[in-house]
Amino acid sequence: MQSNMSAEMRATENGLTLKQICKLLDGEIICREELADQDVQSACGCDLMSDVLAFTKPGSVLLTGLTNSQVIRTAEMLDLKAIVFVRSKRPDERTIKMAESLQLVLILSPYPLYESCGRLYTAGLGCCRKAENARAATL
Amino acid sequence: MVVENNKTTLHYKFDVQGGDFTKAGDASSRVKKILQQIGAGPEIVRRVAIACYEAEMNVVIHAHRGTVALDADLARVTITVEDAGPGIEDIDQAMTPGFSTAPDSVREMGFGAGMGLPNMKNCSSELIIESQKGVGTTVRMIFDNA
């Protein structure tokens, strides 16, 4: 997979666009597609919302298998740009509408969390903070 | 809005219902929007939003009901979260990263990681917790506009 990745799918200094992320994940955008040209420079793969709040950089993309509305609220508090729901798990309409009102892009990926993260990491998308730097991650 | 000694302070208070996960986070969302509307900087808005949300979730997860109060002036923002609930038996233990008393049903929703209180401490300039077992807990967080 790595050796066949074309240059257009590698992260630049601006990171990756949400469109590129969707393509790398063979994904489908289900909310706010018009905002998919935005750049994202970091990602976090996590199902524990307090860990997301502690370690994720603002403006990141979150990859998760949880589809409840609190994932949207967590993304709102951190000013995340997008959420990728792995294994094609689709949130309910109320949750999608909440994301829409908050200008959050939602992407469904058929791959599980490990592979989804791996695809983006291999493309050069940046990481978030380690445990000892948790405070810096909230800024 | 209150004007006292030539200083203007904004004050808002929101109710939080224990166990209501569909509305959980609504108060914090409104706090965030209010701070943005009054022109607070993005960094302080984010710190307040994260800490307020963690505190609000604690009320929803552990307590019967509570309130989230926002007080803001040019120098600082104060968030006071009071609840009626079981209280915190050992505050030092509760502050330990990874420690949680959340039930399994809540952990399945993605909570109970045990990072709530540490997150609140990391985001705020000052965190004061008062609690009485069997009565409830009051958390006061001060955010200096540095």
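Author: Helices here are DSSP runs of H or I with at least four residues, strands are runs of E with at least two, and both are numbered from the N terminus. The model discussed below is a predicted one.

Reader: In which loop is A:Gln103 placed?

Author: Phi of A:Gln103 is near 60°, a positive value in a residue other than glycine. A:Gln103 has 13 C-beta neighbours inside 10 Å, so it counts as partly exposed. Its place in chain A is the loop between helix H4 (93–101) and strand S7 (105–108).

Reader: Why does A:Cys31 count as buried?

Author: A:Cys31 belongs to strand S2 (residues 28–31) of chain A. A residue is buried once 20 or more other C-beta atoms lie within 10 Å of its own. A:Cys31 counts as buried because its C-beta neighbours inside 10 Å number 22.

Reader: How many Å apart in space are A:Cys31 and A:Ala99, C-alpha to C-alpha?

Author: Leaving aside neighbours within four places in sequence, the contacts of A:Cys31 are A:Ile96, A:Ala99, A:Glu100, A:Leu104, A:Val105 and A:Leu106. A:Ala99 is 68 residues from A:Cys31 in sequence. In space, C-alpha to C-alpha, the two are apart by 7.5 Å.

Reader: What percentage of the residues in chain A is buried?

Author: Chain A holds six helices and seven strands. Among its contacts between residues at least 6 apart in sequence, 57% join residues at least 24 apart. Of the 139 residues in chain A, the buried share is 49%.

Reader: Which helix gives the most residues to the side of chain B that touches chain A?

Author: The contact takes 22 residues from chain A and 23 residues from chain B. On the chain B side, helix H1 (26–37), H2 and helix H5 (116–123) each supply at least two residues. With seven residues, the most comes from H2(B).

Reader: How many residues of H5(B) are buried?

Author: The buried residues of this helix are B:Gly116, B:Leu117, B:Pro118, B:Asn119, B:Met120, B:Asn122 and B:Cys123. H5(B) is mostly covered, and of its eight residues the buried ones number seven.

Reader: How many bridges join S4(B) to strand S6 of chain B?

Author: S4(B) forms a hairpin with S3(B), with three residues between them. Strand S3 (residues 65–72) and strand S4 (residues 76–84) of chain B run antiparallel and are joined by eight bridges. In S6(B), B:Val139 is the bridge partner of B:Val81. S4(B) and strand S6 (residues 136–144) of chain B also run antiparallel, and the bridges joining them number nine.

Key
Residues are numbered from 1 along each chain as its sequence is written. Chains are lettered from A and ligands numbered from 1 in the order in which they are written. This is a predicted model: local features need pLDDT of at least 70, side-chain atom pairs count only at pLDDT 80 or more; totals for chains, interfaces and linings use all residues. Two residues are in contact if their C-beta atoms, placed from the backbone, lie within 7 Å. A residue is buried if 20 or more other C-beta atoms lie within 10 Å of its own, exposed if 12 or fewer, and partly exposed in between; C-beta atoms are placed from the backbone. Two strands pair if DSSP finds at least two bridges between them.
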